[in-house]
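This report goes through one protein chain, part by part. Please look at the sequence and the model first, then read on.

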Amino acid sequence: MMFTAKRKAFLEELPAVVEEAVKTYGVRLRRIEIEEDEKGCYTVLITYDSEFRP
């Protein structure tokens with residue numbers, strides 16, 4: 001199952017947000033989308049596979 005996490009950030013914070021996503025989700029990471037709003041703030045959508053736990 002795929003999940004999407006949403007983070008808000010300013011331009012100077014984007015590298016740290018992306019780095020955190022890569023470290024947190026590793027090989028489960030599927031996609032990172034970055035969208036800018038009218039106020040200059042960015043929304044980072046992080047899509048990843050869920051872990052299966054029996």
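## After the helix

Helix 1 is followed by G26, a residue with a positive phi near 50 degrees. Helices (DSSP runs of H or I, at least four residues) and strands (runs of E, at least two) are numbered from the N terminus.

The model is predicted: local features need pLDDT of at least 70, side-chain atom pairs count only at pLDDT 80 or more, and totals for chains, interfaces and linings use all residues. Residues are numbered from 1 along each chain as its sequence is written, and side-chain values use heavy atoms, with hydrogens and water left out.

## The chain as a whole

The chain has one helix and three strands. From the N terminus on, these elements run β-α-β-β. The C-alpha atoms of the chain fill a box of roughly 45 × 20 × 15 Å, taken along the principal axes.

Of the 54 residues, 28% count as buried. Buried means under 20% relative accessible area, exposed means over 50%, and partly exposed lies in between, with a 1.4 Å probe and protein chains only. A contact means heavy atoms within 4.5 Å. Among the contacts in the chain with a separation of 6 or more, 51% come from residues 24 or more positions apart.

## The helix

The buried residues of helix 1 are L14, V17, A21 and Y25. Seen down the helix axis, these residues fall within an arc of 65 degrees, so they line one face of the helix. The arc is that of the directions from the helix axis to the C-beta atoms. What covers the buried residues includes strand 1, strand 2 and strand 3. The face turned away from the buried side carries the exposed residues P15 and K23.

The three strands form an open sheet with the order 1-3-2 and antiparallel pairing. Strand 1 and strand 2 stand at the edges with a single partner strand each, so one side of each is left without a neighbour in the sheet. Neighbouring strands are turned by 20 degrees against each other on average, direction ignored. For such angles, axes are lines fitted to C-alpha atoms, for helices over the stretch in contact, and angles run from 0 to 180 degrees between N-to-C directions.

Strands of a sheet pair through backbone hydrogen bonds, either parallel or antiparallel. Two strands count as paired if DSSP finds at least two bridges between them. Strand 1 and strand 3 pair in the antiparallel sense over eight bridges, and T4 stands opposite T47 in strand 3. Strand 2 (residues 29–36) and strand 3 (residues 42–49) also pair in the antiparallel sense, over seven bridges. In strand 3, T47 stands opposite R31 as well.

Strand 2 and strand 3 form a hairpin with five residues between them, and G40 in the turn has a positive phi of about 85 degrees. G40 is partly exposed, with a relative accessible area of 26%. Between G40 and A9, which are 31 residues apart in sequence, the C-alpha distance is 9.4 Å.

L11 lies in the loop between strand 1 and helix 1. L11 is exposed, with a relative accessible area of 53%. The C-alpha atoms of L11 and Y42 are separated by 6.9 Å, although the two residues are 31 residues apart along the chain.

## Aromatic rings

How many aromatic pairs does a search of the whole structure find? The search finds two. Rings of Phe, Tyr and Trp (its six-membered ring) pair if their centres lie within 6.5 Å; planes under 30 degrees apart count as stacked, over 60 as edge-to-face and the rest as tilted.

F3 and Y48 form a tilted pair, 6.1 Å centre to centre with 35 degrees between the planes. This pair links distant parts of the chain, with F3 in strand 1 (residues 2–9) and Y48 in strand 3, 45 residues apart. F3 is partly exposed, with a relative accessible area of 37%, whereas Y48 is buried, at 15%.

Y25 and Y48 form a stacked pair, 4.0 Å centre to centre with 20 degrees between the planes. Y25 lies in helix 1 (residues 14–25) and Y48 in strand 3, so the pair ties together parts that are 23 residues apart in sequence. Both Y25 and Y48 are buried. F3, Y25 and Y48 form one aromatic cluster.
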